[in-house]
Amino acid sequence: MSDFDLIHRPAISAEPVQGSDAFAMKALPEGAIVHVLAAPGEKDLASFLAGLGKGDVRAVSPGQWFIVGDEPMTYSAMEALFEMLESRATGVDQSGGRVRIRIDGRQSERILSTGTAIDLSADSFRVRQSATTLIGHIAAHITRIGSDSFELIVLRSFAESLWDDLTRISAGFR
C-alpha cells in the first residue's frame, strides 16, 4: 500500500451518455476497488469478504475477488481492511488504477454482446455473476447487477477508449 493518498481525478466524463430505456451509460463514482487474492490453501472467501461490510464483492477468478464501493477508503480504513485479511488473503488497492462504468437498458445485453464472447443472456449470466473478458481489445470485468444492468471495471488507461467504443456501438441500438 502506498505511503501517501492518491488524488482521485475522473478518467472519463461524469456526464452520462444520453440514453433511452434501450441504453444508458454512466461513469460510477471513483470510490474504492480492492483486489483480494486468497492465501494458498484458502477456499472460497466470498462470504467472509461480504461479512466485512467494506463494499460489494465481485468474483474475478478462482481465489480472487474485487471489493468495490462508491466511497473512497481512507488510508487508515484501507490499512484496517488489509489487517482483517492478513491471515487469509492479500489485498491490493486498485482504486487509482481502475474505473467502473454502469450500463442500463433493455438493449444493454445486446450491446455488450457485440463486443465480447461471453454469453450474457439472463439464463447464462445471472444477477451478481461476474466474469473477466475482452470487450473488443480491452480487458474488462463484467458484473450483471440487475436484469438489464451491468457494471464494467476496466483499467484506467483504457476507460476512455472503452467508453468511446460503447458509445459508438450503442448508437445503432437506440
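Contact is taken to mean heavy atoms within 4.5 Å. The structure is a predicted model, in which local features need pLDDT of at least 70 and side-chain atom pairs count only at pLDDT 80 or more, while totals for chains, interfaces and linings use all residues. Residues are numbered from 1 along each chain as its sequence is written, and side-chain values use heavy atoms, with hydrogens and water left out.

Thr116 lies in the loop between α3 and β7 (helices, H or I, of at least four residues and strands, E, of at least two are DSSP runs numbered from the N terminus). Thr116 has a relative accessibility of 10% and therefore counts as buried (under 20% relative accessible area; exposed is over 50%, partly exposed in between; 1.4 Å probe, protein chains only). Leaving aside neighbours within four places in sequence, Thr116 is in contact with Thr133, Leu134 and Ile135. The Thr116 side chain reaches the backbone oxygen of Leu134 at 3.0 Å.

A nonpolar core is a set of buried Ala, Val, Leu, Ile, Met, Phe, Trp, Tyr and Cys residues joined through side-chain atoms within 4.5 Å. The largest comprises 23 residues, and Ile101, Ile103, Leu112, Leu152 and Leu162 have the most contacts inside it. At least two residues of this core come from each of β6 (98–104), α3 (108–113), β7 (130–135), β8 (138–146), β9 (149–155) and α4 (156–170). α4 gives the largest share, 4 residues. A second, separate core has 13 residues, including Val34, Leu49, Met78 and Phe82.

Beyond four places in sequence, the contacts of Ile103 include Phe23, Met25, Leu112, Leu152 and Leu166.

How values were computed. A polar contact is a pair of N or O atoms within 3.5 Å; within protein, one must be able to donate a hydrogen and the other to accept it, and residues adjacent in sequence count only if both atoms are side-chain atoms.
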